[in-house]
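Subject: Structure handover

Hello,

Here is the structure for you to look over. Please open it first, then read my notes below.

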Amino acid sequence: LQGKPLKQVTNNWWYFLLFAAVGGLSGLTTFRLRWQWSLVLFVVLLLACLTGSVVLFVNGYVTTVLYPVVLVMVINALAFFARYLFESAEKKKWRQTFSQYVSRDVVDAIAAHPEALNLGGEKKKVMIMFSDIRGFTALSEKTTPEGLVRYLNDYFNVMTSIIIKQRGLVDKFLGDGIMALWGTPFETA
């Protein structure tokens, strides 16, 4: 309409750099940022691709709009899916590890209300139990190392299952002893 011929952008390096920049930025930010900000950046990248094509068109250049837009959509979809799988696996691993030391109720309560965990500490009434094996030194002198390890494993397994059943938290194993807590991180009846 203005008598200016449109020029097709055929430089493959330009497309390669565009795809690498948009794809790399899109993929990295999806993993690095919180999902809400990743979603905002996804929309911004889509708008940037469309705006860039319009600006180039106004200046007499025709580019392919479809490829960058599809690239952003596909990379974000794949990155969100990979992030979901990774976070699900981490959460499952965290739950399995944590449930070896506390009851399933405590793990569920922590997962439901992670903000209730105060890393700075807080004052509260708790019950602490220290338990060890009477005569362990004499027993260890008479037993083979393998037998002693088997004996300790059996003892710790039984004690840990009782503590967890009673909604306690195994704080630590101390040689032949166990330290357990009740009333933290959440109140127990």
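A contact here means heavy atoms within 4.5 Å. By that rule, among contacts in the protein chain between residues at least 6 apart in sequence, 60% join residues at least 24 apart. Please keep in mind that this is a predicted model.

**Overall layout**

The protein chain has six helices and five strands. Read from the N terminus, the order is β-α-α-β-α-α-β-α-α-β-β. The chain has 189 residues, and 28% of them are buried. It exposes about 13,700 Å². Carbon and sulfur atoms supply 65% of that area.

**The cores**

The largest nonpolar core has 12 residues. Its members are Ile 133, Phe 136, Leu 148, Leu 152, Tyr 155, Phe 156, Met 159, Ile 163, Val 170, Ile 178, Ala 180 and Trp 182. Two elements give two or more residues to this core: helix H6 (145-165) and strand S5 (177-182). H6 provides the largest share, six residues. There is also a second, separate core of seven residues. Phe 42, Leu 46, Val 69 and Val 72 are among them.

Leu 148 belongs to the 12-residue core. Leaving out residues up to four places away in sequence, Leu 148 touches Phe 136, Ser 140 and Thr 143. Of these, Phe 136 is listed in the core as well.

Thr 160 also sits in H6. Is Thr 160 buried or exposed? Its relative accessible area is 10%, so Thr 160 counts as buried; the cut-off for buried is under 20%. Setting aside neighbours within four places in sequence, Thr 160 contacts Gln 100, Val 170 and Phe 173. Val 170 is one of the core residues.

S5 deserves a look on screen. Six of its six residues are buried. Both faces are covered. Gly 177, Met 179 and Leu 181 lie on one side. Ile 178, Ala 180 and Trp 182 lie on the other.

Which strands pair with S5? One is S3, residues 127-131. S3 and S5 run antiparallel, joined by five bridges. Within that pairing, Ile 128 has Leu 181 as its bridge partner. Another is S4, residues 169-174. S4 and S5 pair over five bridges, again in the antiparallel sense. Here Leu 174 stands opposite Gly 177, and Lys 172 stands opposite Met 179.

S4 and S5 also form a hairpin, with two residues between them. Gly 175 is in the turn. Its phi is positive, about 65°.

**Salt bridges**

How many salt bridges turn up in a search of the whole structure? The search finds two.

One joins Glu 87 and Arg 83, with the closest N and O atoms 3.1 Å apart. Both residues lie in helix H3. They are four residues apart, about one turn of the helix. Glu 87 has a relative accessible area of 43%, so it is partly exposed. Arg 83 is at 13% and is therefore buried.

The other joins Asp 171 and Lys 172, at 3.3 Å from N to O. Asp 171 is partly exposed, with a relative accessible area of 34%. Lys 172 is partly exposed too, with a value of 37%. Lys 172 is the residue that stands opposite Met 179 in S5.

**A nonpolar surface patch**

Leu 66, Tyr 67, Val 70, Val 74 and Leu 78 form a nonpolar patch on the surface. Together they have about 490 Å² of accessible area. Val 74 is found in H3, which spans residues 66-98. Why does Val 74 count as partly exposed? Because its relative accessibility is 41%, and partly exposed covers the range between the buried limit of 20% and the exposed limit of 50%.

**Where to start**

I would begin with S5, where both faces are covered.

Best wishes

Note on methods: Residues numbered from 1 in each chain as written. Predicted model: local features only at pLDDT ≥ 70, side-chain atom pairs only at ≥ 80, totals over all residues. Heavy atoms only, no water. Core = buried A, V, L, I, M, F, W, Y, C linked by side-chain atoms within 4.5 Å. Buried < 20%, exposed > 50% of the residue type's maximum accessible area, 1.4 Å probe, protein only. Pairing = 2+ DSSP bridges. Patch = residues over 30% accessible without salt bridge, like charges linked within 9 Å, V, L, I, M, F, W, Y side chains within 5 Å. Areas by Shrake-Rupley, 256 points an atom, 1.4 Å probe, with all protein chains shown as cover. Salt bridge = Lys/Arg side-chain N within 4 Å of Asp/Glu carboxyl O.
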